[in-house]
Amino acid sequence: LAINPWDVMLCVSGTAIACENAIVVAIICYSPTLRTPMFVLIGSLATADLLAGLGLILNFVFQYVIHSETVSLITVGFLVASFTASVSSLLAITVDRYLSLYNALTYYSERTVLCIHTMLVGTWGVSLCLGLLPVLGWNCLHDYAACSIVRPLTKSNMTLLSASFFLIFIIMLHLYIEICKIVCRHAHQIALQQHFLTASHYVATKKGVSTLAIILGTFGASWLPFAIYCVVGDPDYPSVYTYATLLPATYNSMINPIIYAYRNQEIQRSMWVLLCGCFQSKVSFRSRSPSDV
């Protein structure tokens, strides 16, 4: 078969995603200090994105080397499960950030750990179930009329996935708005106590709100075009439309480790210790809560 340049771009994207997130997973597994709920959730996100990157690579290899309907179903199901786990992990991180601000006094408790573990079980359980649906028979291999823009997934399957994404996006939007309200309220309380809002507090508040806007904007810009096209698109449309919306969606998994992992000082320290030992163990970094990241 002639190699499709779009497939090559997806494979390159998958390679970059896998390499970036493999480093994050290795750092979190290597460092005993990174065992807090915040880093467990970041590890879940990095693992999901790592699997998604590997899935893109395997999909390219199997598409041009092994021509099998069974393999096609397995790789597509693997990608669905991985990207679903990635998006769901982003929601779990958002919930964790909200809880760290809303329940600041009781955040560091066993109840929080139980909540995080429950979210992780739910995230990966739902993702695995959605990934198994095509393999268990919800596909259009023998009914082309039922196919979506991503063969062999059916239109109803893609509609379910898109509706799930829209729901997650709305929940994240609501939570980030609430987080912004809490941050602004804290800044106002500080201003009342000190009789004025210092420049440093104003800059920190503005930076925090801007960071939240960038996080949500990046997530929406990456996934919304593909999610919308999954609903309105038709399999008879040129495949370039599918590739043009799917490729930016994969970039979200490439950006996630930069936003959620590499900006964190504790992960930066662990990364240098793991890769080149540039830092000594006595070097101190301020331990931060999820609301700081």
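Where is L136 found? I looked it up and placed L136 in the loop between helix 4 and helix 5. I note that the model is predicted.

**Entry on L136 and its surroundings.** L136 counts as exposed because its relative accessible area is 68%, and the cut-off for exposed is over 50%. I then looked for a nonpolar patch on the surface and found one made of I74, L128, L132, V135 and L136. Together these residues have about 480 Å² of accessible area. Helix 4 gives the most to this patch, with three residues.

**Entry on the chain.** I listed the secondary structure and got eight helices and zero strands. The protein chain has 293 residues, and 45% of them count as buried.

**Entry on the core.** I turned to the largest nonpolar core, which has 61 residues. Those with the most contacts inside it are I42, M172, Y176, F219, W223 and Y260. Elements giving two or more residues to this core include helix 1 (5-30), helix 5 (155-194) and helix 8 (265-275). The largest share, 12 residues, comes from helix 3.

**Entry on W223.** Leaving aside neighbours within four places in sequence, W223 is in contact with F83, V87, F165, A249 and N252.

How values were computed: Residues numbered from 1 in each chain as written. Predicted model: local features only at pLDDT ≥ 70, side-chain atom pairs only at ≥ 80, totals over all residues. Heavy atoms only, no water. Core = buried A, V, L, I, M, F, W, Y, C linked by side-chain atoms within 4.5 Å. Buried < 20%, exposed > 50% of the residue type's maximum accessible area, 1.4 Å probe, protein only. Helix = DSSP H or I, 4+ residues; strand = E, 2+ residues; numbered from the N terminus. Contact = heavy atoms within 4.5 Å. Patch = residues over 30% accessible without salt bridge, like charges linked within 9 Å, V, L, I, M, F, W, Y side chains within 5 Å. Areas by Shrake-Rupley, 256 points an atom, 1.4 Å probe, with all protein chains shown as cover. Salt bridge = Lys/Arg side-chain N within 4 Å of Asp/Glu carboxyl O.
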